[in-house]
Amino acid sequence: MARMNFRNRTVVLCVGGGIAAYKACEVARLVVKGGGTVRVAMTPAATRFVGPLTFQAISGAPVLVDLLDPATDLAYGHLGLARSADLAIVAPATADLIARIRAGMGDDGVTTTLLAMTCPVLVAPAMNTRMWANAAVQENVAALRARGMHVVGPEAGELADGDVGEGRLADPAQIALAAARLLGRQDLSGRRVVVTAGPTREPIDPVRFISNPSTGKMGYAVAARAARRGADVTLVSGPTALADPAGARVVRVETAEEMARAVDAAAAAGMDLFVGAAAVSDYRPREVAPQKRKKTPGEETLVLARTPDILAGLGARLAGRPDAPVLVGFAAETEEVIANAREKLKAKRCDLVVANKVGAPGAGFASDTNRVALVSSDELAEIEGTKEQVAEAILDWILPVLETRRPRDG
Ligand code: PMT
């Protein structure tokens, strides 16, 4: 089974008092092996099956058992555990523990910690097959699911007491895999990503500007998905009606000049990947009228000047260096989509151009979906889906290039 990635994630393992408690040690070990942090709470009954010292040795941290022990440095430990958790795993979840969680009890370190949790909870039941079949247990498990908790297992097989049937704790690797899935992929953790999104506005006078129909949806989707995959994301956004994507630092700008300055500032702080999804105006009025322009005959002409080309500037400065950041541009084209994208790939010296045919239904500006071609020097792939799915596909394409160009320590 592939190694599971828990980098930068904290898993709180809540161990119930059942014969399968020893298998929870393996769950903890798999999380640690995947680069995650494990904190453990045990019910008093669980300590009769496995000593807290075992979990302390695996996790490298004290184990919460006794809520009221003044000697422990885990005073208010249940709240500390709950606050630190990205995910809680309850394994083994005995019939009694499931019932107490359902009832909202807070009579030990495990139940109290779970009461204070706001993160996802993964419950791994384990008990005798007759107990598992009991209507009360089934109702309790259904109630936990209805509250949004996730359940893995139990498996069918021979049980410790000799009975055969459903009730055996899911394999620790399956529990860890379900946990990793719930946490989502973290394959961009530690990577610094700068994304541009939305249009720019180039003022003509105090009430008019040159702009385009970009809504920012595509760039925001890239920023949100990169953040979800663990990247440190700076989103430089032109004017949009969208809320800040979770986990991204957002710098709001208006003009191409401002966008260029914000990208340079973000890049100066370190950048592994740049994704230019913004529809940056190529031109701005050379003069901005201080007052609203009048309809004066003879003054119908607007003299334009070029704006800085942000992507081409990065390409000129950085491309070709052995440790250059990965540079990704977009191309909004109305014709000859692939040929124009190949031109841009060369001219702007980027690693990938995401070409979309604007004007096609379900693609380009404002739509929630997109149909794009990923154009690199030696590959061409067509992707279609929601902008979030397209964003994931772009990040999937980038990942191996990133790993080759800038290998991660360890
Ligand atoms: O925002 P949405 O409504 O979701 O729409 C998404 C989109 C259609 C805007 C997006 O998918 C897209 O195609 N963005 C790039 C549009 C564009 O400006 O393409 P371009 O061919 O003009 O520019 C090529 C590349 O150079 C782009 O990465 C652009 O960000 C970059 N560029 C362009 C001009 C400039 N002055 N500076 C730049 O960095």
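Trainee: How much space lies in the largest pocket?
Mentor: This is a predicted model, in which local features need pLDDT of at least 70, side-chain atom pairs count only at pLDDT 80 or more, and totals for chains, interfaces and linings use all residues. Residues are numbered from 1 along each chain as its sequence is written, and side-chain values use heavy atoms, with hydrogens and water left out. A pocket is an open set of points, on a 1 Å grid over the protein atoms alone, where a 1.4 Å probe fits, with protein on both sides within 12 Å along at least five of seven lines. A volume is the space filled by probe spheres set on the points, and for the largest pocket it is about 860 Å³.

Trainee: Which element gives the most to the lining of the largest pocket?
Mentor: Lining residues have an atom within 4 Å of a point, and the largest pocket has 44 of them. With five residues, the element that gives the most is the strand (a DSSP run of E, at least two residues) β16.

Trainee: What takes the space of the largest pocket?
Mentor: A molecule sits in a pocket if more than half of its atoms lie within 2 Å of the pocket's grid points. The largest pocket is the space taken by the ligand.

Trainee: Which residue has a backbone N or O atom 2.6 Å from an oxygen atom of the ligand?
Mentor: A polar contact is a pair of N or O atoms within 3.5 Å. For Lys 217 the backbone atom lies 3.3 Å from a ligand oxygen, and for Ala 332 the distance is 3.4 Å. The residue at 2.6 Å is Gly 276.

Notes. A polar contact is a pair of N or O atoms within 3.5 Å; within protein, one must be able to donate a hydrogen and the other to accept it, and residues adjacent in sequence count only if both atoms are side-chain atoms. Helices (H or I, at least four residues) and strands (E, at least two) are DSSP runs, numbered from the N terminus.
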